[in-house]
Every structure is written in C-alpha cells, then in structure tokens.
Amino acid sequence: MQQVLIVESDVTFRGQLAARLRRQRFQIAEASDCDSAIQQLAVLDVGVVLLGVRDDTHAGLESLDALLAVDQPPKVLLLISPNDATLFGEKIACGACDTVDVPYDLRTLVEKIDKALEPELA
C-alpha cells in the first residue's frame with residue numbers, strides 16, 4: 001500500500017492529522033519541511049503528499065515545485081486556509097491535484113486521498 005506523506009511545519013497539527021489518518025487505515029509518513037520530504041520520497045512508496053501551505057503560500061508553492069520535480073512525483077493535496085481559496089486555480093495550475101481547507105472535514109479529506117491514490121487510466 002502506498003503511503004501518505006504529511007509535510008507540515010506545525011508539529012502538533014501534523015501529529016494530530018497523522019493519528020486521525022492512521023485510524024482511517026492509511027500508512028503515514030511525516031516531514032516537517034520540503035527537504036526532509038524529498039529525502040523520504042527517495043526511499044518510501046508515497047502515493048500522496050499532504051502539503052501544508054497555510055502559513056506561507058509563496059514558500060508552499062516553492063515546495064510544491066520541488067516535490068513535483070522528483071522522479072515519479074506523487075500526487076499532492078494542498079492543505080490551505082479558507083482565506084487562501086482565491087489561490088485555488090493557481091495552485092492547481094502549478095501541479096497540485098486538489099486542495100483541502102483547514103480546518104478539514106475528515107470524511108472529505110479521506111475521499112480526496114482515496115481519489116488521488118486511484119490508479120490513472122492510460
């Protein structure tokens with residue numbers, strides 16, 4: 001089973017999100033920043049990255065670019081503040097497959113992760 005990698009600088013939020021997703025049957029890996037996420041992508045079978053961009057949208061978009069530049073990039077879901085919803089189109093255009101508003105609805109988040117993990121039809 002492919003893992004979900006949570007890339008989030010807020011250790012408390014990241015830990016709580018990881019615990020909730022583990023209870024939903026996902027295998028979870030965690031990273032506090034983009035550099036450690038890229039290191040984990042090199043050794044883990046990651047299907048989806050949850051990338052926190054709520055605090056610094058510019059840095060988050062740079063992280064998105066870096067994550068998508070690796071060999072065999074994972075799908076990326078952006079964790080955004082509802083106040084950043086106007087940037088939705090820009091973020092999707094940059095390569096993210098979807099966004100998740102924070103605070104998040106667990107059922108919606110699980111559905112988006114499941115959708116991202118579905119194999120693409122050729």
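This report describes the sheet, the nonpolar cores and the salt bridges of one protein structure.

The structure is a predicted model, in which local features need pLDDT of at least 70 and side-chain atom pairs count only at pLDDT 80 or more, while totals for chains, interfaces and linings use all residues. Residues are numbered from 1 along each chain as its sequence is written, and side-chain values use heavy atoms, with hydrogens and water left out.

## The sheet and its helices

Helices (H or I, at least four residues) and strands (E, at least two) are DSSP runs, numbered from the N terminus. Five strands form an open sheet in the order S2-S1-S3-S4-S5, and their pairing is parallel; two strands count as paired if DSSP finds at least two bridges between them. Because S2 and S5 stand at the edges, each with a single partner strand, one side of each is left without a neighbour in the sheet. From one strand to the next, the twist averages 25 degrees. Within the sheet, S1 and S3 pair in the parallel sense over five bridges, and Val4 has Val48 in S3 as its bridge partner.

Helix H1 lies across S1, S2, S3 and S4, and runs at about 170 degrees to S2. Helix H5 also packs on the sheet, where H5 touches S1, S3, S4 and S5 and its direction makes about 140 degrees with that of S3. For these descriptions, contact means heavy atoms within 4.5 Å, and axes are lines fitted to C-alpha atoms, for helices over the stretch in contact, with angles that run from 0 to 180 degrees between N-to-C directions.

## The nonpolar cores

In soluble globular proteins, nonpolar side chains tend to be buried together. A nonpolar core is a set of buried Ala, Val, Leu, Ile, Met, Phe, Trp, Tyr and Cys residues joined through side-chain atoms within 4.5 Å, where buried means under 20% relative accessible area, exposed over 50%, and partly exposed in between (1.4 Å probe, protein chains only). The largest such core has 20 residues, and those with the most contacts inside it are Leu17, Leu21, Leu50, Leu109 and Ile113. Strand S1 (3–7), helix H1 (11–23), strand S3 (46–52), strand S4 (75–80) and helix H5 (106–117) each supply at least two residues of this core, and H5 gives the most, with five residues. Leaving out residues up to four places away in sequence, Leu109 touches Leu17, Leu21, Leu50, Val100 and Tyr104. Apart from this core lies another, of 19 residues, among them Ala29, Ala37, Leu41 and Val76.

## The salt bridges

The structure holds four salt bridges, each a side-chain nitrogen of Lys or Arg within 4 Å of a carboxyl oxygen of Asp or Glu. The table lists some of them.

| Pair | N to O distance |
|---|---|
| Glu30 and Arg14 | 3.2 Å |
| Arg25 and Asp114 | 2.8 Å |
| Lys112 and Asp98 | 3.5 Å |

Glu30 in strand S2 (residues 28–31) and Arg14 in helix H1 are 16 residues apart, and their bridge links distant parts of the chain. Glu30 is partly exposed at 29% relative accessible area, whereas Arg14 is buried at 10%. Arg14, Arg22 and Glu30 are linked in a network of salt bridges.

Because Arg25 lies in the loop between H1 and S2 and Asp114 in helix H5, their pair ties together parts that are 89 residues apart in sequence. Arg25 is partly exposed, with a relative accessible area of 44%, and Asp114 also counts as partly exposed, at 28%.
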